[in-house]
Amino acid sequence: MAKSVALTGNIACAQAMRQIDPDVVAAYPITPQTTIVEEFSQYVANGQVNTEYVTVESEHSAMSACVGASAAGSRVMTATASQGLALMWEVLYIASSYRLPIVMHNTNRTLSGPINIHCDHSDSMGARDSGWIQIFCENAQEAYDSTIQAIRIAEDKRVRLPVMVCLDGFIITHSIDRLDMIEDDEVKKFVGEIEPPYTLLDPDAPITVGPFDGLHGFFPEFKRDQELAILSSKDVIEEVGKEYGQLTGREYGLFDAYKLEDAEMALIVLGSTAGTAGEVVDNLRAQGEKVGMIKLRSFRPFPARELSEVLSPLKAVAVMDRSFSPGGEGGPVFVEVRSALFENVDRPNIINFIYGLGGRDVGIADIEEAFSRLKRVSDSGTIEETVGYLGLRE
Amino acid sequence: MSWDFKDIKNWKTGDHPIGSIIPEPATAEQYKTGGWRSEKPIWHEDKCTHCMICWTFCPDSSIMVDDQKMYDIDYDHCKGCGICATECPKDAIDMEPEEK
């Protein structure tokens with residue numbers, strides 16, 4: 001039985017954690033993530049969960065404690081953002097290479113400086129190559145649903161990798177949103193019991209975790225194997241998303257194609273901007289414009305082939321990047337989407353908009369501006385500006 | 001489970017255990033690091049009082065001790081850092097270049 005509630009995105013995530021009841025949570029507070037672990041620590045204090053809650057002195061320690069607990073065979077969760085994720089950086093690679101199914105919320109916040117606590121995707125994108133699965137959410141409902149699914153994806157035998165559930169700082173984390181929660185026992189049944197591939201603390205079968213592998217070992221083969229695991233997570237993300245859909249009526253995949261069937265132009269967005277962009281798509285459709293949108297859910301693994309298939313019939317595509325790579329040729333999402341399309345003979349013209357850095361608001365007018373600039377590309381068949389900005393004063 | 005890595009140079013993708021774990025404990029001893037050494041500690045048994053200061057300081061457990069007495073240096077693992085020679089209060093350990 002589902003029940004409708006009004007919660008902030010962070011409390012919705014904490015509630016999902018309560019229902020999952022992980023064995024260990026090790027976390028350090030950081031804006032805008034703090035209220036997830038603050039709320040969850042109350043569930044621990046109230047005895048509503050059986051979790052061992054480890055308070056630590058930094059995010060580096062938080063992820064290190066998670067690695068230890070997960071290597072011991074526990075189901076482990078944590079949460080962070082921004083500078084906290086940056087401080088975890090070296091340990092992120094340890095978690096993924098040890099194939100530890102840690103699930104972590106990253107409440108997207110930019111990286112300083114100037115000091116800024118607001119949303120963009122610089123933090124997640126900085127950890128893009130760390131071997132973690134990265135799932136982006138549009139609203140509190142998706143953050144709640146994806147948290148529950150992330151446990152199953154991470155622990156699947158074909159995957160066994162950590163998962164980062166990304167939700168936009170403040171826009172999702174601190175806004176009260178309506179969402180449907182499923183019952184505690186339904187969540188417990190859906191996530192099941194963890195079956196770790198190895199455990200650090202079995203006295204009958206002692207093992208060594210984290211050994212050295214030098215020039216004459218198997219490092220490249222090991223990394224390729226890790227890559228095969230994250231690539232095979234594509235199927236798992238879709239399977240788990242379907243099964244969750246059967247349970248709740250809300251089905252999930254690698255991305256969501258919105259009004260794309262006969263579209264000539266489309267935006268590709270991550271996170272909360274999909275809500276605003278969807279509204280603009282509806283408005284423009286009402287005026288007879290053939291526009292659509294792709295809400296990219298899984299950035300790692302990146303669904304290159306799948307995106308290429310649905311984007312090919314279009315005339316023009318704009319990728320919205322809420323982070324950028326100074327000195328590079330566009331934002332991280334743009335670079336990958338354009339690369340995915342490159343081998344198609346009939347590929348659409350593709351441009352990039354950098355927007356919303358450091359929490360710069362993006363409204364209906366900004367998305368309309370994006371579509372209007374995209375329409376010039378679509379109509380003329382030529383690109384004047386490959387990488388442009390939205391909402392920038394210059 | 002025993003750890004058989006004799007063929008490690010030929011391992012292909014997926015041949016290794018998941019997460020690069022080693023399915024047995026305390027395997028560092030099998031990894032001989034003595035080849036890293038550029039200087040070698042020489043122990044003078046006649047000057048040694050078996051105070052165990054070198055044993056305490058050695059970062060590689062390379063001072064070999066039996067029944068509270070030093071009897072040799074483990075050259076398979078000693079990396080030649082020279083801490084033992086520096087700390088020895090009786091000058092019972094000298095460092096000399098490896099190539100000699």
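In the predicted model, the contact between the two chains draws on 17 residues from chain B and 19 residues from chain A. When the residues are sorted by class, the side of chain B that touches chain A is made up of 7 nonpolar, 6 polar and 4 charged residues.

Within chain A, helix α1 (residues 9–20) and helix α6 (residues 140–155) have axes that come within 8 Å of each other and cross at roughly 30°. Because angles under 35 degrees count as roughly parallel, α1(A) and α6(A) are described as roughly parallel to each other. The crossing in which α1(A) passes α6(A) is right-handed. On the α1(A) side, the residues in contact are A:Gly9, A:Ala12, A:Cys13, A:Gln15, A:Ala16, A:Met17 and A:Ile20, and these meet A:Ala140, A:Ala143, A:Tyr144, A:Thr147, A:Ile148 and A:Ile151 in α6(A). Divided by class, the residues of this contact comprise 10 nonpolar and 3 polar, with no charged residues.

A further pair of helices in chain A, α9 (residues 273–286) and α12 (residues 364–380), packs at an angle of about 60°, and the two axes are 9 Å apart. This angle makes α9(A) oblique to α12(A), and α9(A) passes α12(A) in a right-handed crossing. The contact brings A:Thr276, A:Ala277, A:Glu279, A:Val280 and A:Leu284 of α9(A) together with A:Ile364, A:Ile367, A:Glu368 and A:Phe371 of α12(A). By class, the contact of α9(A) with α12(A) contains 6 nonpolar residues, 1 polar residue and 2 charged residues.

Chain A also contains an open sheet of 6 strands with mixed pairing, in which the strands follow the order β9-β11-β10-β13-β14-β15. The edges of this sheet are formed by β9 (255–258) and β15 (387–389) of chain A, each of which pairs on one side only. On average, and with direction ignored, neighbouring strands of the sheet are turned by 20° against each other. The edge strand β9(A) pairs with β11 (residues 291–296) of chain A in the antiparallel sense, over 4 bridges, and A:Tyr258 stands opposite A:Met293 in β11(A). Helix α11 (residues 332–341) of chain A packs on the sheet, where the strands touched by the helix are β10 (265–269), β11, β13 (316–321) and β14 (349–354) of chain A. The direction of α11(A) makes about 150° with that of β13(A).

Key
Residues numbered from 1 in each chain as written. Chains lettered and ligands numbered in written order. Predicted model: local features only at pLDDT ≥ 70, side-chain atom pairs only at ≥ 80, totals over all residues. Axes fitted to C-alpha atoms, helices over the stretch in contact; angles between N-to-C directions. Helix = DSSP H or I, 4+ residues; strand = E, 2+ residues; numbered from the N terminus. Parallel < 35°, antiparallel > 145°, perpendicular 65-115°, else oblique. Left-handed = near helix turned anticlockwise from the far one by under 90°. Contact = placed C-beta atoms within 7 Å. Nonpolar A, V, L, I, M, F, W, Y, C, P; charged D, E, K, R; others polar. Pairing = 2+ DSSP bridges.
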